[in-house]
Amino acid sequence: MKIFVNGKEKIISDKISSLHGFIGIILKNEKGKIIELNGKVVKKGEIEGISLKDGDRIELIQFMGGG
Amino acid sequence: MKFWKKTRKVNVSSRYDKQILIGDIGVSGQKVLSSKKVALIGCGALGTNIANLMVRAGVGEIFLVDRDFVELGNLHRQVLFSETDIGKSKSETAALKLKAVNSEVNIKFLIRDMMSSNISEIAKGYDLIMDGTDNIPTRMIINDYSIKESIPWVYGGVLGTGGMVMTIVEDGPCLRCLLPDLPEQGDIPTCETMGVLNTIPAVTAAVQVTEAFKILMGKDPMKGLLQFDLWGNNFTIHEFMKDPQCECCGKKDFIYLNEDNEEIVTALCDGSIQIIPSGTSEADLKLIAGKLKGVENLKVNPFRLEFEVEGKKVTIFKDRRVIVKGTNDKGIARSIYSKFIGL
């Protein structure tokens with residue numbers, strides 16, 4: 001399956017069919033990042049129920065708190 | 001020459017000539033700007049850059065709010081302070097410097113933390129709130145107040161070689177659409193652990209102030225979240241959607257304005273300060289320990305994490321309670337908490 005992560009194309013196994021799986025397996029060190037899927041911010045409690053499909057666009061955003 | 005006559009007739013000072021030449025601003029835009037009042041929360045790296053630009057541009061009034069005092073380590077990026085200011089109040093020092101820059105601007109200051117209990121007292125009647133803060137809970141208070149009272153605000157954040165800006169107006173999306181779940185303690189890196197290049201607050205503040213000018217002059221602000229990394233040559237605008245179910249701009253449930261949700265900061269009998277953050281989750285002490293930089297005597301076990309920094313001993317417990325020993329100043333304890341623990 002082809003998806004886009006922060007604008008870059010990424011081919012992932014069809015076995016990783018959920019956003020939760022993708023975040024958990026592929027992106028182990030992304031804790032604390034904002035996850036946006038196709039322009040919508042995903043809440044923590046929603047991640048498990050979301051299936052990924054070909055062409056999905058995921059943005060992983062590191063919130064910046066310094067000032 | 002015709003231009004000079006025009007500006008004098010409407011009594012706009014020649015100090016703004018170059019700004020008035022911008023087609024979208026003109027004399028009328030400058031006059032609008034000079035009638036607007038801005039509350040600036042935080043006078044650190046972002047705050048001093050923001051205040052500097054807004055005062056030079058001729059905003060009508062600016063209210064500088066910060067409880068902190070100038071330290072040597074601030075001087076590389078906090079542009080209104082010099083070596084002789086070390087130990088002085090940031091908001092008062094910034095106000096004095098800026099009065100000498102532009103006496104046409106009404107500059108006020110307050111040496112205090114902005115919290116849910118006093119935001120109304122601070123920001124009521126202002127046209128815009130500018131974010132110069134360094135922590136998420138304070139921004140959430142600003143966000144709730146802004147949506148509730150229909151006062152726009154401009155978020156800015158910096159970290160390492162990158163920055164972020166987002167303009168929030170009444171209709172949303174708001175900061176809680178972007179951060180529906182508060183990050184866990186220690187999950188968000190801070191400038192104390194990751195550092196910050198001194199060009200970053202300058203650029204971030206410049207974008208924030210440009211957004212402010214657009215809002216104050218009735219132009220359309222930027223939509224979405226601007227994120228950039230100047231070292232990595234990367235600029236992105238994340239155009240995310242408003243969440244109709246957002247607790248803040250959707251459902252108008254302003255939990256951060258509820259003083260019961262505010263972190264509890266108490267002076268203990270032994271002269272130390274205890275901070276009990278709002279929320280009930282447990283702290284991942286190993287994770288926090290792994291991210292701490294520039295601290296001494298770091299010790300961690302399953303129940304507590306201890307370290308020393310800035311001459312203070314900090315203990316974090318599993319239940320997220322924090323004790324700062326070596327100060328009886330609640331503001332200093334909160335500042336160490338925000339800088340090193342990350343919320």
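Q: What is the strand order in the open sheet of 6 strands in chain B?
A: This is a predicted model, to start with. The order is β9-β10-β14-β13-β12-β11 of chain B. The pairing there is antiparallel.

Q: Which strands stand at the edges?
A: β9 (264-267) and β11 (296-300) of chain B. Each has a single partner strand, so one side of each lacks a neighbour in the sheet.

Q: What does the twist average from one strand to the next?
A: It averages 15°.

Q: How many bridges pair β13 and β14 of chain B?
A: The count is 4, in the antiparallel sense. β13(B) covers residues 312-317, and β14(B) covers 322-325.

Q: Which residue stands opposite B:Thr315?
A: That's B:Ile323, in β14(B).

Q: OK, other sheet. What is the order in the open sheet of 8 strands?
A: In chain B it goes β3-β2-β1-β4-β5-β6-β7-β8. Pairing is mixed in this one.

Q: And which are its edge strands?
A: β3 (106-110) and β8 (234-238) of chain B, each pairing on one side only. Neighbouring strands of this sheet are turned by 15° against each other on average, ignoring direction.

Q: Do β2 and β3 of chain B run parallel or antiparallel?
A: Parallel, with 5 bridges joining β2(B), residues 61-65, to β3(B). One residue to look at is B:Phe63, whose bridge partner in β3(B) is B:Lys108.

Q: What does helix α10 of chain B touch on the sheet?
A: α10(B), residues 199-216, packs on the sheet and touches β1, β4, β5, β6 and β7 of chain B. The direction of α10(B) makes about 170° with that of β5(B).

Q: Which strands does α7(B) lie across?
A: Those are β1 (37-41), β4 (128-131), β5 and β6 of chain B. α7(B) runs at about 165° to β5(B).

Q: Interface now. How many residues of chain B are in contact with chain A?
A: 41 residues of chain B, against 18 residues of chain A.

Q: And how much area do the two chains bury between them?
A: About 2200 Å², with 61% of it on carbon and sulfur atoms.

Q: How many salt bridges and polar pairs are there between the chains?
A: There is 1 salt bridge between chain B and chain A. The side chains of A:Lys43 and B:Asp243 make it, at 3.1 Å from N to O.

Q: Which elements give two or more residues to the side of chain B that touches chain A?
A: In chain B they are α4 (45-57), α7 (136-149), β5 (153-159), β6 (162-168), α8 (175-178) and β7 (225-229). β5(B) gives the most, with 5 residues.

Q: How do the residues on that side of chain B divide?
A: 21 are nonpolar, 12 polar and 8 charged.

Q: Changing topic to the backbone. Where is the cis peptide bond?
A: From B:Gly172 to B:Pro173, with omega near 0°. B:Pro173 is in the loop between β6 and α8 of chain B.

Q: Last one. Which residue has a positive phi although it is not a glycine?
A: A:Asn38, with phi of about 50°. A:Asn38 sits in the loop between β3 (33-37) and β4 (40-41) of chain A.

Methods. Residues numbered from 1 in each chain as written. Chains lettered and ligands numbered in written order. Predicted model: local features only at pLDDT ≥ 70, side-chain atom pairs only at ≥ 80, totals over all residues. Heavy atoms only, no water. Contact = heavy atoms within 4.5 Å. Buried area = accessible area lost by both parts, 1.4 Å probe. Salt bridge = Lys/Arg side-chain N within 4 Å of Asp/Glu carboxyl O. Nonpolar A, V, L, I, M, F, W, Y, C, P; charged D, E, K, R; others polar. Pairing = 2+ DSSP bridges. Axes fitted to C-alpha atoms, helices over the stretch in contact; angles between N-to-C directions.
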